[in-house]
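Load the model in your viewer and keep the selection panel open.

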Amino acid sequence: MAAAEFDTPELKEYPVIPRLQEGVMKHSQPYTAKAEFQEKLGFPGELVDNWQQVAIDKMGELNKKYRSLSVYLDSCVKCGACTDKCHYYLGTTDPKNMPVARQDLYRKVYRRYFTLSGKLFPKLVGAEDLTKEVLDDWYSYFHQCSQCRRCSVYCPYGIDTAEISMAAREVMDTVGVGQKYCNEIIGKAQTIGNNLGLPEPALINTLEGLEEDVEEETGVKVRFPVDEKGAEVLLITPSADFFAEPHIDGLIGYGKVFHQAGISWTLSSYASEAANFGMFIGSYENMQKLALRIRQAALDLGVKRIVFGECGHAWRVAYSFLNTLAGPFDFLDPNYPVPQHICEVTHGLIKEGKLTLDPSLNDDMVITYHDSCNVARASRMGDKPGGQFEIPRDIIKAVCNNYVDMPSHAIKEGTYCCGGGGGLLTDDLIELRVKGALPRMEALKNVVDEYGVTHMAAICAICKSQFSKVFPYYDFTMDQIISLHQLVSNAIVLTPENATEDDDGNDTDDKNQAEAA
Ligand code: SF4
Ligand code: SF4
């Protein structure tokens with residue numbers, strides 16, 4: 001169970017490798033899922049009687065299914081290059097949060113049951129039986145990995161702890177020990193369509209209210225349509241975008257971009273969630289169910305393109321797996337990638353000169369940018385390597401006059417996770433979340449002190465929620481984290497006069513939406 005009280009780590013000027021404190025985070029475990037939520041996802045409701053055998057069988061199945069997994073388990077040479085690369089180790093000081101030690105929790109069991117040396121001479125090769133104590137350690141420390149892949153960047157063999165962590169969680173679910181936060185959310189998304197359990201009428205109501213608010217503020221009727229058949233774009237965005245700050249400011253930005261570019265678009269009440277927590281628990285089947293809802297929504301609405309909003313892991317699933325999970329998408333317009341990121345759309349429109357922008361409207365801020373780990377290390381954007389780093393920065397520089405990057409070790413490929421990714425964004429893990437945010441907080445403090453940075457922009461719903469929560473622990477304020485598209489929204493010069501007009505005086509966006517309806 002998570003500790004009720006803890007000390008926030010002290011911010012240092014430079015990253016300092018901490019002294020080891022063995023077992024200090026062993027107590028940190030998320031709540032387990034109740035039977036009803038486990039069973040909804042096809043897992044046993046509680047620890048099954050013959051759990052060791054079930055777990056070993058599952059490990060054997062995963063070895064066959066994912067060749068990468070056994071390669072990772074067999075190839076570590078204990079060089080130590082990854083040991084100081086995990087934000088959870090740096091923030092908590094627990095040696096089991098060193099990536100190699102985390103992997104070894106799984107590796108020692110793998111060796112015991114799946115290698116000859118481990119079967120014959122377990123002690124000599126560090127192999128261990130799968131005991132209840134080992135399972136408890138798995139539950140603690142595989143829920144202290146946000147699957148961010150930072151360690152894999154520095155490993156000479158490219159060993160990806162994230163995949164081992166996903167496998168361990170899948171094994172735990174299979175024996176009946178699932179995590180409450182992830183599994184309840186997956187159930188909601190599979191039955192209602194989004195993580196929040198927001199039903200269709202509430203969604204429509206929320207978006208109508210948003211249209212009124214934006215019209216009141218801008219004098220322009222920017223639409224936020226739901227279930228409009230024949231729209232060009234289906235926008236799949238995290239449900240946090242529908243009401244919570246700073247997320248909703250990003251949604252307003254997407255709406256303004258589509259409006260000014262004259263692109264008809266719609267949300268779907270059936271697939272009203274970009275997030276796909278199936279990935280966090282390593283479950284292909286659960287990941288696929290959510291992906292298939294998106295396919296179905298695109299078919300039902302007859303759209304030509306699928307665009308994803310600001311959500312890091314959703315983009316990882318979409319970019320890396322959507323076509324495998326739910327393709328082929330041959331019914332969409334082949335002139336556009338499937339799927340597309342909202343940043344790619346906005347970036348393309350800026351380059352084509354289709355958006356009227358006044359960056360001075362953001363002059364009250366000095367911005368830095370947090371590369372979300374899933375976008376940085378598990379996906380791309382655009383058609384060039386590194387596009388996932390350049391495209392968001394290009395957009396920010398087009399809409400803001402004051403931009404500064406954080407130190408080089410803390411951005412792009414080397415970016416630090418926010419501390420709440422990988423299915424750990426739950427209050428029962430608040431100690432871990434605060435401590436795991438330490439390296440990002442240090443990098444941010446650096447540019448706040450040196451360059452007067454006032455705000456950090458991000459393109460991930462989890463990062464935004466996590467920073468809103470943990471900023472006050474480090475003497476920042478919640479509102480210093482903002483959506484990238486909030487900056488776009490601020491800078492778009494959107495007046496009734498400059499909306500693109502056709503010959504009849506109707507603005508193009510209204511015409512497209514009317515046709516779509
Ligand atoms: S994937 Fe990220 S969170 Fe997990 S061990 Fe590696 S650096 Fe740590
Ligand atoms: S960097 Fe790679 S090979 Fe070296 S200890 Fe870590 S996981 Fe093993």
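The tour starts with conventions and then moves through the selections.

This is a predicted model, in which local features need pLDDT of at least 70, side-chain atom pairs count only at pLDDT 80 or more, and totals for chains, interfaces and linings use all residues. Residues are numbered from 1 along each chain as its sequence is written, chains are lettered from A and ligands numbered from 1 in written order, and side-chain values use heavy atoms, without hydrogens and water.

**Whole chain.** Show the C-alpha trace: along its principal axes it spans about 85 × 50 × 40 Å. Colour by secondary structure to see 22 helices and seven strands, taken as DSSP runs numbered from the N terminus (helices H or I, at least four residues; strands E, at least two).

**Ligand 2.** Select the residues with a heavy atom within 4 Å of the ligand, the cut-off for being near. Of the 13 residues around ligand 2, the nearest are Cys76, Cys79, Gly80, Cys82 and Cys155. The shell comprises 10 nonpolar residues, two polar and one charged. Here Ala, Val, Leu, Ile, Met, Phe, Trp, Tyr, Cys and Pro count as nonpolar, Asp, Glu, Lys and Arg as charged, and the others, Gly among them, as polar.

**H2 and H9.** Select residues 51–65 (H2) and 161–175 (H9), whose axes come within 9 Å and cross at roughly 140°. Axes are lines fitted to C-alpha atoms, for helices over the stretch in contact, with angles from 0 to 180 degrees between N-to-C directions. That angle makes H2 oblique to H9 (under 35 degrees is roughly parallel, over 145 roughly antiparallel, 65 to 115 roughly perpendicular, the rest oblique). Show side chains for the contact (heavy atoms within 4.5 Å): Trp51, Val54, Ala55, Lys58, Met59, Leu62 and Lys65 of H2 meet Ala167, Glu170, Val171, Thr174 and Val175 of H9. By class, this contact has eight nonpolar residues, one polar and three charged.
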